[in-house]
Amino acid sequence: MSNTAAPEYSRPNNQRAPEYGATTQVAETATEARQGVTGHNVNAVLVISLSAVVIAFAAIYAFFFS
């Protein structure tokens with residue numbers, strides 16, 4: 001390699017990627033694996049915003065096509 005390469009790429013890496021299933025699996029509980037929030041009225045926000053979008057689209061449709 002040339003001398004302009006970054007230091008971490010100065011030696012060739014001849015290792016292959018691990019075969020499928022050869023790596024150790026990480027076991028997490030359901031609480032640890034969950035990435036979202038389950039409380040804080042998340043369902044209410046979803047229902048209200050979805051309803052608002054449906055009403056807005058219905059109003060736009062009625063305005064342009066009726």
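At 63% relative accessibility, Phe63 counts as exposed, a class that requires over 50% relative accessible area, as against under 20% for buried and the range in between for partly exposed (1.4 Å probe, protein chains only). Phe64 is likewise exposed, with a relative accessible area of 59%. The structure is a predicted model, in which local features need pLDDT of at least 70 and side-chain atom pairs count only at pLDDT 80 or more, whereas totals for chains, interfaces and linings use all residues. Residues are numbered from 1 along each chain as its sequence is written, and side-chain values use heavy atoms, with hydrogens and water left out.

The chain comprises two helices and zero strands, assigned as DSSP runs numbered from the N terminus (helices: H or I, at least four residues; strands: E, at least two). Buried residues account for 0% of the 66 residues in the chain.

Because the number of buried residues in α2 is zero, the helix lies largely in the open.

Aromatic contacts were assigned to rings of Phe, Tyr and Trp (its six-membered ring) with centres within 6.5 Å, planes under 30 degrees apart being stacked, over 60 edge-to-face and the rest tilted. By this rule, two aromatic pairs were found. The Tyr61 and Phe65 rings form a tilted pair, because their centres are 5.2 Å apart and their planes lie at 40 degrees. Tyr61 and Phe65 are four residues apart in helix α2 (residues 42-65), and therefore about one helical turn separates them. Both Tyr61 and Phe65 are exposed. For Phe63 and Phe64, the ring centres are 5.1 Å apart and the planes are at 80 degrees, so this pair is edge-to-face.

Val53, Phe57, Ile60, Tyr61, Phe63, Phe64 and Phe65 make a nonpolar surface patch of about 870 Å². Patches consist of residues with over 30% relative accessible area and no salt bridge, like charges being joined within 9 Å and nonpolar side chains (Val, Leu, Ile, Met, Phe, Trp, Tyr) within 5 Å; a salt bridge is a side-chain nitrogen of Lys or Arg within 4 Å of a carboxyl oxygen of Asp or Glu. Ile60 is located in helix α2 and, at 44% relative accessibility, counts as partly exposed.

Definitions and conventions
Accessible areas come from the Shrake-Rupley method with a 1.4 Å probe; for residues, only the protein chains shown count as cover.
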